[in-house]
Amino acid sequence: MSRRERSGVPPVLLAPAGLAVLFLVVPLIGLFLRAPWRSLPDRVREPAIREALRLSLETATEATVVAMVLGVPLAVLLAHGRFPGRSLLRALVTVPLVLPPVVGGVALLSALGRAGFVGKRIYDITGYSLPFTTTAVVIAEAFVAMPFLVIAVEGALRGSDVRYAEAAATLGASRWTTFRTVTLPLVAPGVMAGAVLCWARALGEFGATITFAGNFPGRTQTMPLAVYQALETDPPAAIVLSMVLLIVSVAVLALLRDRWVAPS
Amino acid sequence: MSEGLVADFEVTLGEFSLRLGLTVEPGRVTALLGPNGAGKSTALRVLAGLLRVDRGTVRLAGRDLEDDSRDLHVPAEERAVGMVFQDYRLFPHRSALDNVAYGLRRRGMARAAARERAGEWLSYVGLTEYAKARPARLSGGQAQRVALARALATGPDLLLLDEPLSALDAATRMQVRGELRRYLAGFPGAVLMVTHDPVDAMVLASDVVVIEGGAVVQRGPVAQVAAHPQTDYVARLVGLNLYHGLAGPNGHVRVSPEVELTAVSELTGTVFAAFAPSAVAVFRSRPDGSPRNVFPARVDDLEMHGGTFRLRLNGALPVLADVTAAAATELDLVPGREVWFAVKANEISVYPA
């Protein structure tokens with residue numbers, strides 16, 4: 001677009017837009033100003049921090065895998081399915097998006113806890129109790145983050161062209177083959193964008209995790225939980241942890257941005 | 001013994017419904033002509049298996065594909081039907097070669113064999129050097145040939161072409177039309193081609209079926225339909241002036257209360273009178289002598305077709321007239337110009353309505 005072309009931005013919007021930028025950037029500047037830069041390298045190597053970081057990366061990745069394996073088929077159903085109650089199902093699926101994560105944690109505890117209507121059966125049969133395990137962390141993160149993936153993939157599928165799927169059918173491809181060889185490759189950028197969004201949401205998950213999985217270092221204490229705990233006992237450590245989390249998130253986003261989530 | 005395509009079906013989409021009976025023998029090309037919204041694309045979707053019929057049957061090469069009385073519907077992927085879509089629909093994430101190989105793979109051919117066969121097809125349509133190119137890099141004409149190769153590669157019994165030339169610019173269209181004619185001549189199966197361009201029909205097809213508003217209005221060999229159009233649309237389509245009228249003795253045909261045409265004909269009763277735009281002579285003033293069929297008119301518009309101008313003349317008898325570019329300049333034919341035109345009696349053909 002040429003610079004000489006008239007832009008569509010009314011000047012009156014410039015001031016609030018500028019304030020919005022400040023509002024979003026100032027807290028990050030605060031974090032940078034307070035960071036103990038000199039001791040940062042040593043502190044990052046502390047076992048507690050490394051443990052929390054490892055747990056966060058692992059659980060967020062596992063939660064994303066779970067969300068993709070289950071969420072992509074669900075997105076297909078929502079995007080291309082023809083059945084009554086589809087919009088009701090979509091509303092149901094997106095509830096975790098608007099639900100306060102703490103409430104999500106309580107809900108998970110009520111269903112999958114040792115006394116919950118599902119958890120009790122699991123416990124009676126296998127003697128296994130989900131809450132306060134690393135698996136519970138993954139479940140809590142997937143519960144909160146999967147809707148992001150489903151919505152993103154569903155959007156990509158709706159925008160995708162059924163014309164190519166029709167062409168594949170006339171060439172002898174069954175619906176499953178068409179999905180594998182045509183539809184999915186064409187919406188791959190949307191799936192990846194959804195996966196990144198899902199991963200970032202899982203990485204930052206706090207409320208549902210602490211409620212459903214507790215806060216046990218090495219087992220369920222992810223980075224956000226460690227930040228929260230450090231803020232009460234050792235504020236500089238909280239800033240270090242926050243910096244690490246910020247750097248990891250921004251690095252992942254930057255790595256993937258060019259390939260997958262670049263604006264069209 | 002292959003019996004080609006035999007279809008007779010009815011399909012309703014909301015307010016619109018299409019009724020079509022159609023037979024295409026192997027090795028023959030039938031053009032399905034009609035204005036926008038006539039149901040041409042709907043017909044192709046039914047035959048391809050992308051849309052189920054409400055009533056009726058479709059048979060191809062002796063095999064039933066649709067039969068509502070038995071609730072039979074063979075899905076698209078199980079039909080020996082190739083389709084070239086109007087917008088080609090080449091898979092954007094696959095190379096030209098892999099696009100052509102796609103159908104072969106789906107029919108169980110091993111990867112290497114499919115790619116080799118696809119390469120042969122690309123060479124047949126003259127695109128060997130574009131084997132690795134993604135569709136976005138191909139020109140319209142090249143994409144059309146890849147789409148054709150992709151559809152033909154699976155050896156279908158029926159080839160469906162949806163407006164095969166409409167996405168091309170005028171210069172390319174001429175060339176591709178010629179190539180397409182050659183490829184279709186080498187194809188042993190039945191071909192059904194949807195078009196709204198009568199030239200496509202005349203150059204590529206042996207038979208034509210004209211549909212309007214979801215129903216067949218005329219069918220037959222191309223030349224016969226062109227010579228004897230049954231509706232305004234068919235007449236305009238094939239460039240004929242067509243009038244419905246009442247024939248009296250001595251070749252007089254009354255086509256409106258004020259207008260009587262004189263033709264060389266023995267027919268009486270309700271008839272069609274038709275003459276080609278090229279049979280119309282245009283003058284600035286009333287021509288001397290007294291040829292019959294002389295009428296005043298006003299030039300409504302004119303457009304260039306090849307080397308000639310097609311004029312739309314309005315008056316007591318609205319007509320299409322073809323004049324040479326030189327004549328158009330000499331007569332200073334511009335919209336709004338008052339003119340006279342004449343048609344020789346022996347240029348007017350009269351046939352029963």
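Trainee: Which strands of chain B does helix 1 of chain B lie across, and what angle does it make with strand 8 of chain B?

Mentor: Helix 1 of chain B lies across strand 3, strand 7, strand 8 (158-162), strand 9 (190-195) and strand 10 of chain B, and runs at about 150 degrees to strand 8 of chain B. Before we go on, this is a predicted model: local features need pLDDT of at least 70, side-chain atom pairs count only at pLDDT 80 or more, and totals for chains, interfaces and linings use all residues. Residues are numbered from 1 along each chain as its sequence is written, while chains are lettered from A and ligands numbered from 1 in the order in which they are written.

Trainee: What makes a stretch count as a helix or a strand?

Mentor: Both are DSSP runs numbered from the N terminus: helices are H or I with at least four residues, strands are E with at least two. On that basis chain B comes to nine helices and 21 strands, whereas chain A has 13 helices and zero strands.

Trainee: What is the strand order of the six-stranded open sheet in chain B, and how is its pairing described?

Mentor: The order is 7-8-9-3-10-11, and the pairing is mixed. Strand 7 and strand 11 (215-221) of chain B are the edge strands, as each pairs on one side only. From one strand to the next, the twist averages 15 degrees.

Trainee: How do you know that strand 3 and strand 10 of chain B pair?

Mentor: Two strands pair if DSSP finds at least two bridges between them. Four bridges join strand 3 (residues 29-33) to strand 10 (residues 207-212) of chain B, so they pass that test. These two strands run parallel, and Thr30(B) stands opposite Asp207(B).

Trainee: Why does Ser56(A) count as buried?

Mentor: A residue is buried if 20 or more other C-beta atoms lie within 10 Å of its own, exposed if 12 or fewer, and partly exposed in between, with C-beta atoms placed from the backbone. Ser56(A) has 27 C-beta neighbours inside 10 Å, so Ser56(A) is buried. Ser56(A) sits in helix 3 (residues 47-80) of chain A.

Trainee: Which residues is Ser56(A) in contact with, beyond its neighbours within four places in sequence?

Mentor: Those are Leu203(A), Thr222(A) and Met223(A); contact means that the C-beta atoms, placed from the backbone, lie within 7 Å. Ser56(A) and Leu203(A) are 147 residues apart in sequence, yet their C-alpha atoms are 6.1 Å apart.

Trainee: What makes Ala61(B) partly exposed?

Mentor: Ala61(B) has 18 other C-beta atoms within 10 Å, so Ala61(B) falls in the in-between class. Ala61(B) lies in the loop between strand 4 and strand 5 of chain B and has a positive phi of about 50 degrees although it is not a glycine.

Trainee: How many residues does each chain bring to the contact between them?

Mentor: Chain B brings 18 residues and chain A brings 14 residues. On the side of chain B, strand 7 (81-84) and helix 2 (96-106) each supply at least two residues.

Methods: Two residues are in contact if their C-beta atoms, placed from the backbone, lie within 7 Å. Axes are lines fitted to C-alpha atoms, for helices over the stretch in contact, and angles run from 0 to 180 degrees between N-to-C directions.
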